[in-house]
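User: Can you walk me through this model? I'd like to start with one of the strands.

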Amino acid sequence: QVQLVESGGGLVQPGGSLRLSCAASGFTFSRFRLNWYRQAPGRERELVAGVDSAGGSVNYADSVKGRFTISRSDASRMAYLQMNSLKPEDTAVYYCNAVWRLAGLDYWGQGTQVTVSS
């Protein structure tokens, strides 16, 4: 059974930090590109960060560059999103996504809420 389970969300003050985790099971984790998306109320889901299957190439949305860091551990089947200098506009539900385009496989977690507020 394929599962992606996010954790680490919560309420944090502006300027604070959170580390999101994504635990994967039920598929060949190392072959998948891993992405973090987010969706704020009334807005479309947007790509926040991604890391390729080899872990050598990462990309970030302009709005989070220099503040967020994506990483992965194939050995532990985990993906992470370290979020620093959080802003109120970072408030959203954050989703972990694993995709292997050549195989037509695309998996999603259930999301974790991040709220940045004083």
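Analyst: Leu34 stands opposite Val51 in β5. This is a predicted model, so local features need pLDDT of at least 70, side-chain atom pairs count only at pLDDT 80 or more, and totals for chains, interfaces and linings use all residues. Residues are numbered from 1 along each chain as its sequence is written, and side-chain values use heavy atoms, with hydrogens and water left out.

User: How many bridges join β4 to β5?

Analyst: Five, and the two strands run antiparallel. Strands are DSSP runs of E, at least two residues, numbered from the N terminus. Two strands pair if DSSP finds at least two bridges between them.

User: What lies between β4 and β5?

Analyst: Six residues, and the two strands form a hairpin. Gly42 in the turn has a positive phi of about 80°.

User: Which residue in β9 is the bridge partner of Arg33?

Analyst: Val99. β4 and β9 pair in the antiparallel sense over seven bridges.

User: Why is β4 largely enclosed?

Analyst: Five of its seven residues, 33–39, are buried. Buried means under 20% relative accessible area, exposed over 50%, partly exposed in between (1.4 Å probe, protein chains only).

User: New topic. How many aromatic pairs are there?

Analyst: Six. Rings of Phe, Tyr and Trp (its six-membered ring) pair if their centres lie within 6.5 Å; planes under 30 degrees apart are stacked, over 60 edge-to-face, the rest tilted. The rings of Phe27 and Phe29 have centres 6.3 Å apart and planes at 45°, so that pair is tilted.

User: Is Phe29 buried or exposed?

Analyst: Buried, at 1% relative accessibility.

Methods: Helices (H or I, at least four residues) and strands (E, at least two) are DSSP runs, numbered from the N terminus.
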